[in-house]
Amino acid sequence: MPAIAALSVAVSGIATLLAALVAIPGALWIVHGRSPVRGALMVFFAAGLGLPPVAVGLAVAFALWRSGPFGWLDALYTPGAMAFAQFVIVLPLIGTLAVVAMRGGDTTLPMQLAGLGIARRHRLALLAREVAPGLAAATLAGFGRALAEVGAAQMTGGNIEGQTRVLTTATMLAVGRGDFGQAFSYVAVLLGIVTLATGVALTLQRRWA
Amino acid sequence: MTARGLLARRGTFVLDVARLDADSSGTAVLGPNGAGKTTLLLALQGLIPATGEIERPARCAAVFARPAVLRGTALWNISTVVRRVLGATPADADVRGHAMLADVGLSDVAAADARTLSTGQRQRLALARALGCEPQALFLDEPFANVDADGRPALRALVRSYAECSGCALVLATSSLADAAALCKGAVVLQKGAVRHEGAVVTLPAADDIYVKALFSEYRVTS
């Protein structure tokens, strides 16, 4: 159980962290950039909100299949493949919520910072700092979604004991065997992790706000 | 600071100013609501798209009518901007921040969260933040609108003194003739995005223009 829980946190944590590293600068670009194509990224983020994990899992599994375009990576049924699939799943969620957080702030602040002669890269850093609590909430939501999804983890990880078995796939297997006691214990750990992460995020938000 | 053939659009509003000059003696931009005062200031700073020739110093700073503050203490609001604009060390920026807060009468709230300050205090803070950047051109948009009447003379004197000592060009958009007279020698009066009248602030009452006269009588009531 501890190894399964640790792998769940590691895979979903890495996927969420990488997604946040891409989504938050992307959201900054959407809200404060000047390029006309930034609207396309927003459409991608918004459209991706409803992306079924099973569809992402299927696409990633197909791409990594031995005869698939990235089969040479030999990455299917590894934690890396699971993390990549979860990265794709949570990227639009974190990006959309980050955009919402940034648009919810003082709309005159970007112009006022520019009016003080602050260089653009410093302005963006200050603007990101202003909405840090909202960005933390967006990242937490992404972590929750990554941790809870099962379709992509099953398809790209294969639920191999000791290698790619995570809490959600282990729960499915336990239910399949009729071992509801074991299934409930997995779910209890899953809820515990989500509750702990929420508590940490709320504490950080209170300190930042 | 000079501007020639300035043309800017904001939605359906068009600003068309043939010429505007400003130096440390100050230029006041007057006019009723919607005349284009704020649009002119933003265009001069390059904060909204505009065409025309604008020559402005490298280091400009602005105080907006509704000043936005950053999440953090009043002191941090100044020091973090000073660090980024002037490249000052954190220690030097803090020293400067304390000095600026003292100048605008906010020393007692240096450690307070800037977002909890009153609107008038935020305006003082915004002025301190702008002056802390040692600008060569200062753009003020109704900078004392929410400051209590007793506090205005000291703030006007602070800005006037800074402009005289540093040679900083001053552009003030205001509806207060008292602020205009205290800070600026020159004035332009806008009407629907165009310059209706220009001259010295002190000559405005005697201007031979029915629009300016009507405006001026209104200012007398409100200022």
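Bookkeeping: residues count from 1 along each chain as its sequence is written, and chains are lettered from A in the order in which they are written. Since the model is predicted, local features need pLDDT of at least 70 and side-chain atom pairs pLDDT 80 or more, while totals for chains, interfaces and linings use all residues.

**Chain contact.** I looked up who touches whom (C-beta atoms, placed from the backbone, within 7 Å). Chain B puts in 18 residues and chain A 14 residues. On the chain B side, S5 (60-63), H2 (74-86) and H4 (119-132) each give two or more residues; helices are DSSP runs of H or I with at least four residues, strands runs of E with at least two, numbered from the N terminus. That side has twelve nonpolar, one polar and five charged residues (nonpolar: Ala, Val, Leu, Ile, Met, Phe, Trp, Tyr, Cys, Pro; charged: Asp, Glu, Lys, Arg; polar: the others, Gly among them).

**Helix pair in chain A.** Next I checked H3(A) against H4(A). Their contact includes Val56(A) and Leu64(A) from H3(A), and Phe84(A) and Ile89(A) from H4(A). By class I get nine nonpolar, one polar and no charged residues.

**Positive phi.** Two residues that aren't glycine turned up. Tyr77(A) has phi of about 60° and sits in the loop between H3 (53-64) and H4 (79-103) of chain A. Glu134(B), with phi near 50°, is in the loop between H4 and strand S6 (137-141) of chain B. Buried or partly exposed? Tyr77(A) is partly exposed, with 18 other C-beta atoms within 10 Å, and Glu134(B) is partly exposed with 16 (buried is 20 or more within 10 Å, exposed 12 or fewer, partly exposed in between, with C-beta atoms placed from the backbone).

Notes. Contact = placed C-beta atoms within 7 Å.
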